[in-house]
Amino acid sequence: MHEHHGHGHHHHGVTPRGPKDTAGFSPRLIAWEVTRSCNLDCAHCRAAASRGPYTGELTTEEGIALLEDIASRWRPIIIFTGGDPIMRHDLFTLIAKGRDLGLPMVISPNGTLLTPGKVRALRELGILRASISIDGPDAESHDAFRRVKGAFEGALRGIAQLKAEGLPFQVNTTITRHNVAVAEKIYDLAVSLGAVAWHPFLLVPTGRGAELAPQAIEPREYEEALRRFYRIHCEGAIPLKVTCAPHFARIAREEEAARKAAGLPVKEIDMSRGCLAGIGFAFVSHVGRVQTCGYLDVECGDVRRQPFTEIWDTSPVFVKMRAKEAYGGRCGACPYWRFCGGCRARAFEATGDYMAEETHCIYVPPGYHAQP
């Protein structure tokens, strides 16, 4: 698919292994946009993807070299994303290579192009999980967001194929003004479809999504939504993983304490750092540009000129994201920094400085006074 370049992928019960790199940071997840081509035209697309073809995509040989370079050091989860990765002609060759290298792999198609044969091949080649996006509880709301009639039906058809072949799937949802009120309904739909997890993504308005800035939720409403998501997680049947809302790490801790005090049940939650960009996550574009995440359009290197492993270790952007003193404003002064980090892409959209404070968080650190 598209916008969910899968930071959100759960760890699938897979523990990435391999030596820690020199600075003690090693990637747990790497999203590789294998193609920008896509058969949908979604309103919020980070890649502003369309049918293509897009020139300059990494060749089969370059793709194999990228996977070999990564596997020479680590065993992170590789997320094959796009566009719609199913549109890449040599996808199965690349996945087979990943399997031979021992890399855990997941995929994020939009579902509409899946066939029983393709799903079987994905499962047999070692894909551990697929993520399918559902952005409304019914066809009308989902299709309006995806700007394609029949997209909802296509996603459900894709899910039916995954279920028939026994390939586990999660449901991803981009949360905007249009669907925040019906989040519980989307969660219930994910449960009833047999998803293993629900991953709500809080809209980061970049790429085609920039036009959606008016649809982004206000900071207070956002905070309230995150508190609701924590409740859904504790009371629902499948785990929930919030993505692109790093301060959920703070809210979940606050809510957990409040629930315990009130004698309400609390459920274990996957609390990897709020934002893993540059710390445990990286994004490789269709032409080999490396970014700390798919939404932060700041080039950190190019795998055609330099191995990914070297970019991960030495890119100034990656190095900055690992240093507390590089963070500005409230983020730099925040006691939750270690768990959160704020969204660097939102800071960049709002201020032009990707190390500035996160604009969508209302928390003020104790004793903090803004610099005039």
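Predicted model: local features only at pLDDT ≥ 70, side-chain atom pairs only at ≥ 80, totals over all residues.
Tutor: Residues are numbered from 1 along each chain as its sequence is written, and side-chain values use heavy atoms, with hydrogens and water left out. Local features need pLDDT of at least 70 and side-chain atom pairs count only at pLDDT 80 or more, whereas totals for chains, interfaces and linings use all residues.

Student: How do you know that the span of helix 8 agrees with its number of residues?

Tutor: Helix 8 covers residues 248–261, helices being DSSP runs of H or I with at least four residues. The expected span is 1.5 Å times one less than the number of residues. Just after helix 8, Gly263 takes a positive phi of about 70°.

Student: Which residues of helix 8 are buried?

Tutor: Phe248, Ala249, Arg250, Ile251, Ala252, Glu255 and Arg259 are buried, that is, under 20% relative accessible area with a 1.4 Å probe, protein chains only.

Student: Which residues touch the most other members of the largest nonpolar core?

Tutor: Phe80, Trp198, Phe229 and Phe308 do, among 97 residues. Helix 7 gives the most to this core, with seven residues. A nonpolar core joins buried Ala, Val, Leu, Ile, Met, Phe, Trp, Tyr and Cys residues through side-chain atoms within 4.5 Å. Leaving aside neighbours within four places in sequence, the contacts of Phe229 (heavy atoms within 4.5 Å) include Trp198, Leu240 and Phe248.

Student: What makes strand 6 and strand 9 edges of the sheet?

Tutor: The open sheet has nine strands in the order 6-5-4-3-2-1-7-8-9, with mixed pairing. Strands are DSSP runs of E with at least two residues, and two strands pair if DSSP finds at least two bridges between them. Strand 6 (198–202) and strand 9 (301–302) each have a single partner strand, so one side of each is left without a neighbour in the sheet.

Student: Why is the pair of Tyr336 and Tyr363 called edge-to-face?

Tutor: Rings of Phe, Tyr and Trp (its six-membered ring) pair if their centres lie within 6.5 Å, and planes over 60 degrees apart count as edge-to-face. The centres of Tyr336 and Tyr363 are 5.4 Å apart and their planes stand at 80°, so the pair meets the description.

Student: How do you know that Tyr336 is buried?

Tutor: Its relative accessible area is 18%, so Tyr336 falls under the 20% limit.

Definitions and conventions. Buried < 20%, exposed > 50% of the residue type's maximum accessible area, 1.4 Å probe, protein only. Phe/Tyr/Trp six-rings, centres within 6.5 Å; stacked < 30°, edge-to-face > 60°.
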